[in-house]
Amino acid sequence: VSTPKTVAVEVEGKRYQVGPGVLLSSRNGDAGATLNDDYCTTSSYAALLAGAFHFANIASVDRLVLGLPMRNFHTHVAHLRSAFAGNNAYGDVEFDVGSVIVLPQPLGALVNFSRYHEFDKQDPHLIIDVGYFTTDWVVATGLTIDEERSGGHHSGASHYYEAIAAVIKEKL
């Protein structure tokens, strides 16, 4: 019998079991919290980050890059920078972070595209990131974001899956 690949993480007095060994049926048990615009300020977010450091077997990084959805990017940048820079101790999981950089989530796709494809830094680009719970879009010229034309909302692939399931349920 193999041992599940999980680790106990303690955040603000609450214990979380995190890692790839967590049962699939419980992974989205906190789905309502992930739809919360303040999710990145919750203890479950911190627990997942601690679990990531644990399973990556990393105790220290000079720079941690985190992503936020466009709709609440400016609201939580300062919190993430201060919350995770320095020493982080969550029960048996400890890690040090030199500094934290926070980027809009879709920007990673643009940076990747700019590295591996012909990239025109003068023309605007539209990046659409349809996630499981949210959809974000970024308009950028080069790597400079046009914030007036960028945004996001609570509607992702899960909404389509629910609609498809409702139609199938109705037919059955």
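Predicted model: local features only at pLDDT ≥ 70, side-chain atom pairs only at ≥ 80, totals over all residues.
Thr75 is exposed, at a relative accessible area of 56%; by the cut-offs used here, buried means under 20% relative accessible area, exposed over 50%, and partly exposed in between, with a 1.4 Å probe and protein chains only. This residue belongs to helix 4, residues 73–84. Helices (H or I, at least four residues) and strands (E, at least two) are DSSP runs numbered from the N terminus. Thr75 and Val102 are separated by 27 residues in sequence and by 12 Å in space, C-alpha to C-alpha.

Residues are numbered from 1 along each chain as its sequence is written, and side-chain values use heavy atoms, with hydrogens and water left out.

Turning to the whole protein, there are 6 helices and 9 strands. The C-alpha atoms fill a box of roughly 55 × 50 × 30 Å along the principal axes. Of the 172 residues, 34% are buried. Taking contact to mean heavy atoms within 4.5 Å, 52% of the contacts between residues at least 6 apart in sequence join residues at least 24 apart.

Next, the surface. Accessible areas come from the Shrake-Rupley method with a 1.4 Å probe, and for residues only the protein chains shown count as cover. The total is about 10,900 Å², and 53% of that belongs to carbon and sulfur atoms. A nonpolar patch of about 730 Å² is made by Tyr132, Tyr160, Tyr161, Ile164, Ile168 and Leu172. Patch residues have over 30% relative accessible area and no salt bridge, and nonpolar side chains (Val, Leu, Ile, Met, Phe, Trp, Tyr) are joined within 5 Å. Ile164 lies in helix 6, residues 157–171.

A salt bridge is a side-chain nitrogen of Lys or Arg within 4 Å of a carboxyl oxygen of Asp or Glu. The count is 1 salt bridge: the side chains of Arg149 and Asp146 meet at 3.6 Å, N to O. Asp146 is partly exposed, with a relative accessible area of 26%.

Finally, the backbone. Which residue has a positive phi of about 50 degrees although it is not a glycine? That residue is Glu12, in the loop between strand 1 (7–11) and strand 2 (14–18). Glu12 is exposed, at 73% relative accessibility. Asn57 has a positive phi near 60 degrees and sits in the loop between helix 3 (43–56) and strand 3 (60–68). Asn57 is likewise exposed, with a relative accessible area of 71%.

Terms used
Patch = residues over 30% accessible without salt bridge, like charges linked within 9 Å, V, L, I, M, F, W, Y side chains within 5 Å.
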